[in-house]
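Here is a short briefing on one protein chain.

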Amino acid sequence: MRDFIQANYAPYEGGSEFLAGPTGRTLAVWDKVSVLFPVERERGILDVDAATPSTITSHAPGYIDRDRELVVGLQTEAPLKRAIMPNGGLRMVENGLAAYGYEVDPFVTEVFGTYRKTHNDGVFDAYTPEMRAARKGDHHGAAGRLWPWPDHRRLPSCRAVRHSPADRGQAGRARAAGRATLQPGRHPGP
């Protein structure tokens, strides 16, 4: 990748005189959305759709000023309206909504709490008991956000942990006897 970038870019060392300012059309659209920012700052969020998990096709096309826009693609059908993304974790969505006085739609809770495995559920299902114990005091998850940004740097040594069937048996017996076998940065098996 580095070689491709090095072979295919040319640094620009000139001035900014070639840049043009915003057009009247852009300024008109910006003026319409700018009046919403103080309201959003006052409330924390302007609005949220707590009933529709976000996908690329979940919401109708959104516009700020349909007649003036050349590039469209708001996240939801209205400017600054937030979407929920429970695929990253239902608890995170619930806590994020609660922080701003909203609740998740009961149907979303039913689906993502009963039938649909979220990303977080899948990650935690793959954790060994040692990994779960290491996370026991970690409170970085579900920190009041409406959308997740995974940060896989948190458990660098645990991501690489693999156990052979024999190691799993040994680790299980050691756990049962109260002896931990996993140490940070140490690979327990092949």
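Predicted model: local features only at pLDDT ≥ 70, side-chain atom pairs only at ≥ 80, totals over all residues.

Residues are numbered from 1 along each chain as its sequence is written, and side-chain values use heavy atoms, with hydrogens and water left out.

**Fold**
- The protein chain has nine helices and two strands (DSSP runs numbered from the N terminus: helices are H or I, at least four residues; strands are E, at least two).
- Along the sequence the pattern reads α-α-α-β-β-α-α-α-α-α-α.
- Of the 190 residues, 27% are buried (under 20% relative accessible area, 1.4 Å probe, protein chains only).

**Nonpolar core**
- The largest nonpolar core holds ten residues, among them Ile45, Ile84 and Phe112 (buried Ala, Val, Leu, Ile, Met, Phe, Trp, Tyr and Cys joined through side-chain atoms within 4.5 Å).
- Strand 1 (47-53), helix 4 (90-99) and helix 5 (106-115) each give two or more residues to this core.
- Helix 4 supplies the largest share, three residues.

**Helix 2**
- Ala28, Val29 and Val33 are buried in helix 2 (residues 24-34).
- These buried residues fall within an arc of 130° seen down the helix axis, so they line one face (directions run from the axis to the C-beta atoms).
- The buried residues of helix 2 pack against helix 3 (36-43).

Notes:
Buried < 20%, exposed > 50% of the residue type's maximum accessible area, 1.4 Å probe, protein only. Contact = heavy atoms within 4.5 Å.
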